[in-house]
Amino acid sequence: MCNIKYLLLSILLLAGLSSFAQSTHKQPVDYVNPYMGNISHLLVPTYPTVHLPNSLLRVYPERGDYTSNRILGLPVMISSHRGRSVFGLSIQYEGESLKSNKYYTYDNEIIKPYYYEVDLDEANVHVRFAPSHQSAIYEIAPNADKDFYLVLSSSNGELSADGGNISGYQELGGSPTKIYIYLETDAKPLKSEVIPSEREREKTIAFRFPAKSKVVVRYGISLISREQAEKNLRREIKTFNVDQIAEAGRNIWNEKLSKLSVTGDEERKVIFYTSLYRTYERMVNISEDGNYFSPFDGKVHSDEGRAFYNDDWIWDTYRAVHPLRILIEPRMESDMVLSFIRMAEQMENMWLPTFPEITGDSRRMNSNHGVATILDAHVKGLKGFDLEKGYLASKKAITEKTLAPWSSKKAGILDQFYKREGYFPALGVEEEETVPEVHSFERRQPVAVTLGTVYDEWCLGQLAKALNKKEEADYFLARSKNYRKIFNPETKFFHPKDSSGNFIHPFDYRYSGGIGARNAYSENNGWVYRWDVPHNVPDLVELMGGEDAFSNALDDMYNTSLGKSKYDFYSQIPDHTGNVGQFSMANEPSLHIPYLYNYAGHPWKTQKRIHTLIDQWFRNDLMGVPGDEDGGGLSGFVVFSMMGFYPVTPGSPIYVIGSPMFETTIIDLGNKKVKLTCRNYSIENKYIQSMKIDGKAWNNSWIGHQELINADLIEFTMGKYPNKNWAANPIHIE
């Protein structure tokens, strides 16, 4: 009997331990560290955004970065990536001079993708928050022995109170967009009052509550109407329990992040899943019960059963974020491409957008790379959008709008020159700018514009070919080789050329071009733009003098020092951080460069470089992102690279192989799963010795999209030292 009793007790103890182990097992969302990169190396930090994947409602503490001593109130909603909260929410006390919003020092902050918690020192209040897609909930628990006020303000709009709710809107200046809000509390306030303001359009309402009473606030937001904001709240949040909404959000995040399942080093998992989380911040789904407000024509439209997405900086995201969604979120990516085409149709000139935002298309940066997202989706088999319309909108944007950066004006004299001569002209030495469409600060960026546009023209040519428009295909594909016109055969760099056809002299590829090198390039110097021909790398190899010369030139980039002090270098080119020699890990035009060794038959150098760059610049710490994280721009590179491959040329259905950084990676395609596995896995074993796809040897340093998605098992055999014979044939796919 005694032995049986102890046996039963042992079984119960083991069952309990097993249950505890299961309950504490880390899921993908538990690896996400929103604080990674919260201190910038130079410019803008990576904000710790609390939101559900691709959702309209996003928040983060309103402060400069992690080092900030204070936050401004409580966030309600940011209207754009890196923007400020649209409404102000704060807690203030009886006897104070009530303000529209208030700064607080803070403590005990917790941020997860689906949850926020903080103590506000001056208000002596504990705050908890959880978001849904178009609504959210706050739990506010003050500790002071006096009545307190819950204060909501709109800096440019209207607010009104009715019992225990507040509703109204805020206008987003210079656009037709309004953000509507409907807010309610779980307890009726003792009273409500309007706080007077010296600013005519600022409206502030305060609800008074008894001392030390915990208040739960829930609210919905809308781009359509106050009534729709209330509907969004009612549809999504049916409780006043923050934990329930947080748990629902946690489950949603786990479902999304589980589309990529990895095993291996725990620290690498943090970097991987944090990066994957950041690719889900944009674009945002702005459909509301089948309708959406479009800032592109100021009207409400039916979404016709397809979600409408907005808020994207395509110059940053076309390179890796959109290609990643093609793999793991094909329906979402198809809806996004359709959204681009709808935006173009809603705008006056039917120009494909470049920087679509909640306020409209801000037309920032250079080039028109939305065409690459359309082509990439098409060649990789996505359906659900009109390719003819996409081609027309792309062609009109590239041929009718000026190519001058940061401009929405029609094509002018510089564009006529580009069409005639095949390159965007630079200003001569001491020549003053007189062309009206050129931005006074952003300048002409002639090399960046030329290289970006010939790639866009290659994309147009491929689309025209797919649509059986042979004459147009031939025209644009021929133009796509005009990068040769600004290639300096003596220096082997892309070099700004004036309108007379002369290279600008004197010229230094490290420093020339003024602030941001914008008189020649864009945010990066000539060493980065030396490699910006993603649509025809084999031809670039030949221009550089062949495979060995090309590989050596890549080495030279990493070996060439800044040549001056960091404070001097960065005062001129502040985006050019994350340096290894002249290479910048911090800016999107650099992302494909480490993979270019494969085109010269030296994939082992890519394998080494990818491991080194990620270990150096993407880390689980407060400065763990090397530059501006533009809504997934850098993070998409990390996700692909840690899986072991990268889309060097969006619009071409191949991936260039790097070096897998996990023992296993499982890609959930929806209808099937692809498993990537590493034999001899360890942190040190970064070099590929051999590779198999479904048991068959693969000796290429690239893999086609169809080969990838049709595979069941891709096996890498890894080693500590390079196998320089594996996949030593240069990539020759144009």
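Two strands count as paired if DSSP finds at least two bridges between them. Strands (E, at least two residues) and helices (H or I, at least four) are DSSP runs, numbered from the N terminus. The model is predicted: local features need pLDDT of at least 70, side-chain atom pairs count only at pLDDT 80 or more, and totals for chains, interfaces and linings use all residues. Residues are numbered from 1 along each chain as its sequence is written, and side-chain values use heavy atoms, leaving out hydrogens and water.

**View 1. Strands β13 and β16 pair in the antiparallel sense.** Six bridges join β13 (residues 178–185) to β16 (residues 215–222). Threonine 185 has valine 217 of β16 as its bridge partner.

**View 2. Nine strands form an open sheet.** The order is β3-β6-β7-β8-β9-β16-β13-β12-β11, and the pairing is antiparallel. β3 (70–72) and β11 (157–162) stand at the edges; each has a single partner strand, so one side of each lacks a neighbour in the sheet. From one strand to the next, the twist averages 25°.

**View 3. Helix α2 packs on the sheet.** α2 (residues 226–236) touches β9 (135–142), β12 (165–171), β13 and β16. Contact means heavy atoms within 4.5 Å. The direction of α2 makes about 50° with that of β13. Axes are lines fitted to C-alpha atoms, for helices over the stretch in contact, and angles run from 0 to 180 degrees between N-to-C directions. Helix α3 (residues 242–257) lies across β7 (115–120), β8 (125–131) and β9, at about 40° to β8.

**View 4. Helices α6 and α7 pack at about 130°.** Their axes are 6 Å apart. α6 (residues 321–328) is oblique to α7 (residues 330–346); angles under 35 degrees count as roughly parallel, over 145 as roughly antiparallel, 65 to 115 as roughly perpendicular and the rest as oblique. From α6 come His322, Arg325, Ile326, Leu327 and Ile328; from α7 come Pro330, Met332, Glu333, Met336 and Phe340.

**View 5. Helix α18 is largely enclosed by the rest of the structure.** Eleven of the eleven residues of α18 (residues 633–643) are buried, among them Phe637 and Met643. Buried means under 20% relative accessible area, exposed over 50%, partly exposed in between (1.4 Å probe, protein chains only). Glycine 644 follows α18, with a positive phi near 120°.

**View 6. Proline 75 is buried in strand β4.** Its relative accessible area is 4%. Proline 75 touches residues including Tyr60, Tyr138 and Tyr219. The C-alpha atoms of proline 75 and proline 61 are separated by 6.2 Å, though the two residues are 14 apart along the chain.

Technical notes: Lists of a residue's contacts leave out its neighbours within four places in sequence.
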